[in-house]
Amino acid sequence: MSELIGSNLGPYRILELIGRGGMAAIYKAHQPSTDRLVAVKVLLDHRAEDPQIVDRFEREARVITALEHTNIVPVYDFGREGGLLYLVMRYMRAGTVNDLLKRGPLTPRDAASILSDVAAALDYAHERGVIHRDVKPNNILVDAGGRANLTDFGLAKVLGESLDLTRSGATIGTPAYMAPEHATGGTVSPRTDVYSLGVMLYEMVTGVLPYVSDSPMAVVMMHLHEEMRPPRQVNPTLPPAVEAVIVRAMLKDPVGRFATAGEMARALAEVVDGMPHTAAPGEHVADRFEQVTLVPQGSTLHLIELAAKVAEAKSPDEITPEIRRALKRMQGASRRRRLLALAPWAVAGLLMVILAVTLPAVVRGSGDSRASAAGTATAVQALVMQFAEAQTAMAAGGPNAQATLAQLQTQIAVASFTAGPTLSPTPTPMQATSTSRPEATSAPPSATEQPKPTSVLPPVIRTRVPDRPTNLAPIPPSLLP
């Protein structure tokens, strides 16, 4: 999914990848309309072209965008881009509970603080008929003040059918926190989220999961049929009362669990309140009493310090000058990509304009040339026939010889005037003779024999010129021009 960085997903400019889970990848993005940073969660399911999945996603997205609670990360928007479905949420410079656990197990007090915030968010959602279905450390953000915020409502419901629990090499994600009735496709309820909350509490105070296997399906079977390893075997310093809360929350029969998440949180708080305070690693009791006024209600100083260190390692939640420069570079690169994509179309359009302008002129000129050539050929053909007739008449020596010669001269003159430079051949010997002797044309033929000059060339009549007899007498000088 790294190919999304630098591109737009809907109106959001993707800046960087900040997290990836079993069902979604999370990106930090810029929203131009409000000039703010947002978190865009892109679903990794590749069936976004399925109308049923899209409809289910949009229906659930409308429900979770209506959830407004202090401990629920607000969802601003949702959408679909090509084959991707995405949710747009508030971007928080905070670590997850999973980030905190990478530094070691939490104290019961720190765990109780986180559990109290998450339980408040779950009870709010349960009262509105929304079951989370995927409560786990990666879905709980802890800000620099130590406050826990629940996210990813409804995603497990949207994509529950796409979970492949038998895929070889699949990482243990949702199955590790899944209630038995959820894993078997039974009816889910608020007690389903309570079970997942119990698994998370087990992990927070021990640092490990209750059921571990290389196969997600094997983990599911453990949740269904095996008893968990007692938490005190993993962490002997854990008070028995804390272990009792975990065991009740993780009962395989939903009826025996806590009825609500709030009930579970209160039971844990009562146990923790009765415990003597012991300093967490790196914390001094005197420091705690000196700074107690700075600690938000429900949080501990150790949790705040730990959460602040984790949050400092995250990307800032304000638009810094570096982010501005990155946005400008991305916008410039995007413009260049658009120009390169449009360049072939621009060249093709320019060629079309050139063809549209020049083609009519070329066709018109070609038509004129063809018409001129055809007219020239017709005129030449007619003159050839006229010349053949004149030769025949003069060879016969009849009285029409002079008239035929005069008609031929007239046709040559008319054709030369009509065709212009097209008919400018080299004068034939007969034409040269006729022009060198003007007296031959000074006596026009009789009115009855002289044709009227016309610009319309006579039709071509193919006649065969007879061979001149060899025994004819010489032509009298009077008939010569």
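Colleague: At what angle do the axes of helix 6 and helix 9 cross?
Modeller: This is a predicted model in which local features need pLDDT of at least 70 and side-chain atom pairs pLDDT 80 or more, while totals for chains, interfaces and linings use all residues. Residues are numbered from 1 along each chain as its sequence is written, and side-chain values use heavy atoms, without hydrogens and water. Helices (H or I, at least four residues) and strands (E, at least two) are DSSP runs numbered from the N terminus; axes are lines fitted to C-alpha atoms, for helices over the stretch in contact, with angles from 0 to 180 degrees between N-to-C directions. The axes of helix 6 (residues 190-206) and helix 9 (residues 240-249) come within 8 Å, and they cross at roughly 145°.

Colleague: Which residues of helix 9 does helix 6 meet?
Modeller: Contact means heavy atoms within 4.5 Å. From helix 6, the residues taking part are V194, Y195, G198, L201, Y202 and V205; their counterparts in helix 9 are V245, I246 and A249.

Colleague: How many residues of this contact are nonpolar?
Modeller: Ala, Val, Leu, Ile, Met, Phe, Trp, Tyr, Cys and Pro count as nonpolar, Asp, Glu, Lys and Arg as charged, and the others, Gly among them, as polar. The contact of helix 6 with helix 9 has no charged residue and one polar residue, and its nonpolar residues number eight.

Colleague: In the open sheet of six strands, what is the strand order?
Modeller: Two strands pair if DSSP finds at least two bridges between them. Strand 1 (residues 8-9) and strand 2 (residues 12-20) have two bridges, strand 2 and strand 3 (residues 24-31) have six, and strand 3 and strand 4 (residues 36-43) have eight. The pairing in this sheet is antiparallel, and the order is 1-2-3-4-6-5.

Colleague: Which strands of that sheet stand at the edges?
Modeller: The sheet is open, with the order 1-2-3-4-6-5. Each edge strand has a single partner strand, so one side of each is left without a neighbour in the sheet; the two are strand 1 and strand 5 (75-81).

Colleague: Which residue in the turn between strand 5 and strand 6 has a positive phi?
Modeller: Strand 5 and strand 6 pair in the antiparallel sense over six bridges, with D77 opposite V88. They form a hairpin with two residues between them, and the residue with a positive phi, about 65°, is G82.

Colleague: What is the volume of the largest cavity?
Modeller: On a 1 Å grid over the protein atoms alone, a cavity is a set of points where a 1.4 Å probe fits but cannot get out; lining residues have an atom within 4 Å of a point. Points are joined across faces, edges and corners, and a volume is the space filled by probe spheres set on them. The structure holds two cavities of 30 Å³ or more, and the lining of the largest includes I64, D152 and F153. The volume of the largest cavity is about 70 Å³.

Technical notes:
On a 1 Å grid over the protein atoms alone, a cavity is a set of points where a 1.4 Å probe fits but cannot get out, and a pocket is an open set with protein on both sides within 12 Å along at least five of seven lines; lining residues have an atom within 4 Å of a point.
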